[in-house]
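Subject: Structure handover

Hello,

Here is the structure for you to look at. My notes on it follow below.

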Amino acid sequence: MEVENQHSNSLIKQCKNGDKSAQFAVYKQYFKAMYNTALRIVNDSFEAEDIMQESFLAAFTKLDSFSGNVTFGAWLKRIVINNSLTALKKNKRLETVPIEKVTISNVENEESLDYNSISASDILSKISQLKTNYKIALTLNLIEGYDSEEIAQIMKISYENSRTTISRAKNKLRQLFQQQHEKQFR
């Protein structure tokens, strides 16, 4: 891992000096992960590809602002996430609801569903069916590994609203699996 970090740091230094082959090497190293991150948020392959490309351009243009406090991949992923959220807002697909206006519903009969038998692709499929802010919150939390505080900053909502959104998104995801389970056994 340390050798890989040294290699990445060397590539980043070369990129800062305008080395196009180093930029291409960095692109090849990160493009799949960044595309997948954008795709999970915007749910459109063409838009995700555009976002990924724009994010790399922004990263290479603003490489001097990369401090090295986090890995380059984490820094780039944050750019991709921000660009994805901006695209959703621009296309009016990101809707936020004040915390005071939302009611919580509990999932019943949850014990009849065996969550261990659910595949990762089933989970990703169900997450893509959620409304946009739930999908974003769960993607950032469960897949990208951000905590509630980081998600609040990324989505520009309060910490409490972030926690509530994640909780409600998980409940909605459970409901979708419960509905699927009930349909199979009718």
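Ser55 is part of helix α3; helices here are DSSP runs of H or I with at least four residues, strands are runs of E with at least two, and both are numbered from the N terminus. With a relative accessibility of 0%, Ser55 is buried (buried means under 20% relative accessible area, exposed over 50%, and partly exposed in between, with a 1.4 Å probe and protein chains only).

**Basis of the numbers**

The model is predicted, so local features need pLDDT of at least 70 and side-chain atom pairs count only at pLDDT 80 or more, while totals for chains, interfaces and linings use all residues. Residues are numbered from 1 along each chain as its sequence is written, and side-chain values use heavy atoms, with hydrogens and water left out.

**Overall**

The protein has eight helices and zero strands. Of its 186 residues, 40% are buried. Among contacts with a separation of 6 or more, 67% are between residues 24 or more positions apart. The accessible surface is about 11400 Å², and carbon and sulfur atoms hold 48% of that; the areas come from the Shrake-Rupley method with a 1.4 Å probe, and for residues only the protein chains shown count as cover.

**Nonpolar cores**

A nonpolar core is a set of buried Ala, Val, Leu, Ile, Met, Phe, Trp, Tyr and Cys residues joined through side-chain atoms within 4.5 Å. The largest one has 38 residues, and Val26, Phe56, Leu63, Phe72 and Leu140 have the most contacts inside it. Two or more residues each come from α1 (2-16), α2, α3 (45-61), α4, α6 and α7. The most come from α4, which gives nine residues. Apart from this core lies another, of nine residues, including Ile118, Ile127, Leu130 and Ala169.

Leu140 is in contact with Ile81, Gly145, Tyr146, Ile151, Ile154 and Met155, leaving aside neighbours within four places in sequence.

**Salt bridges**

There are two salt bridges in the structure, each defined as a side-chain nitrogen of Lys or Arg within 4 Å of a carboxyl oxygen of Asp or Glu. One joins the side chains of Glu144 and Arg40, at 2.6 Å from N to O. This pair links distant parts of the chain, with Glu144 in the loop between α6 and α7 (148-155) and Arg40 in helix α2 (residues 20-42), 104 residues apart. Glu144 counts as buried at 13% relative accessibility, whereas Arg40 is partly exposed at 24%.

The side chains of Lys77 and Glu144 also meet in a salt bridge, at 2.6 Å from N to O. Here Lys77 is in helix α4 (residues 72-90), 67 residues from Glu144. Lys77 is partly exposed, with a relative accessible area of 22%. Through shared partners, the salt bridges join Arg40, Lys77 and Glu144 into one network.

**Surface patch**

Leu124, Leu142 and Ile143 form a nonpolar patch on the surface, with about 240 Å² of accessible area together. Patches are made of residues with over 30% relative accessible area and no salt bridge; like charges are joined within 9 Å, and nonpolar side chains (Val, Leu, Ile, Met, Phe, Trp, Tyr) within 5 Å. Leu142 sits in helix α6 (residues 132-143) and is partly exposed, with a relative accessible area of 47%.

Regards

Key. Contact = heavy atoms within 4.5 Å.
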